[in-house]
Amino acid sequence: MKTVLTYGTFDLLHYGHINLLKRAKALGDYLIVGCSTDEFNAIKNKHSFYTFENRKRVLEAIKYVDLVIPENDWEQKRKDIQKYGVDVFVMGDDWQNKFDNLSDLCEVVYLTRTPDISTTMVKSYIDRRDAVVNNS
Ligand code: C2G
């Protein structure tokens, strides 16, 4: 069995996330997703709409995802790779080269980020719409 590992916040899930998870799963047979906890999000200066528990539930419902684990800090990746016998570590290429230090443990793959979609874009679109509706 070829195990793949990736990490992220995955808030307000969108097709860019799904594209990443689909391609990550295609690199092996078993995909583990480290979902950032609310506390770690604060460290990443991200404030999710959905709580960790709800983001985890959404991820667990995705057919490409086999296991969701909490991502509590930046340092756990090495331990997770060894604990789960990970063969391939995958991230979107907005993280290009940021995790090359893990290449002594497993293959490190950066997949092209899906253009023109992000959770931040979704949030700002809704904020703008609310402003128009509230001011009309
Ligand atoms: N992603 C993508 N295309 C997009 C948006 C996101 O391919 N349009 C990818 C990102 O590159 C990342 C994954 O989807 O690999 C999750 O994205 P985020 O939820 O934004 O996660 P991030 O804040 O990048 O957290 O330790 C790693 C961090 O936890 C990554």
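A: Start with the elements around the ligand: β1, α1 and β4 each supply at least two residues of its shell. Helices (H or I, at least four residues) and strands (E, at least two) are DSSP runs, numbered from the N terminus. This is a predicted model, in which local features need pLDDT of at least 70 and side-chain atom pairs count only at pLDDT 80 or more, while totals for chains, interfaces and linings use all residues. Residues are numbered from 1 along each chain as its sequence is written, and side-chain values use heavy atoms, with hydrogens and water left out.

Q: Which element gives the most to the shell around the ligand?

A: That is α1, with three residues.

Q: Which residues come nearest to the ligand?

A: A residue is near a molecule if one of its heavy atoms lies within 4 Å of it. There are 21 residues around the ligand, and K46, E71, K77, D94 and I117 come nearest.

Q: How many residues of the shell fall in each class?

A: Ala, Val, Leu, Ile, Met, Phe, Trp, Tyr, Cys and Pro count as nonpolar, Asp, Glu, Lys and Arg as charged, and the others, Gly among them, as polar. The shell has seven nonpolar, eight polar and six charged residues.

Q: What lies 2.8 Å from an oxygen atom of the ligand?

A: A polar contact is a pair of N or O atoms within 3.5 Å. At 2.8 Å from a ligand oxygen atom is a backbone N or O atom of F10. A polar side-chain atom of K44 lies 2.9 Å from an oxygen atom of the ligand, and a side-chain N or O atom of W95 is 2.9 Å from an oxygen atom of the ligand. Taken alone, the ligand exposes 630 Å², of which the protein buries 96%; these areas come from the Shrake-Rupley method with a 1.4 Å probe.

Q: Which element gives the most to the lining of the largest pocket?

A: For the largest pocket, α1 gives the most, with four residues.

Methods. Polar contact = N/O pair within 3.5 Å; in protein donor to acceptor, adjacent residues only side chain to side chain.
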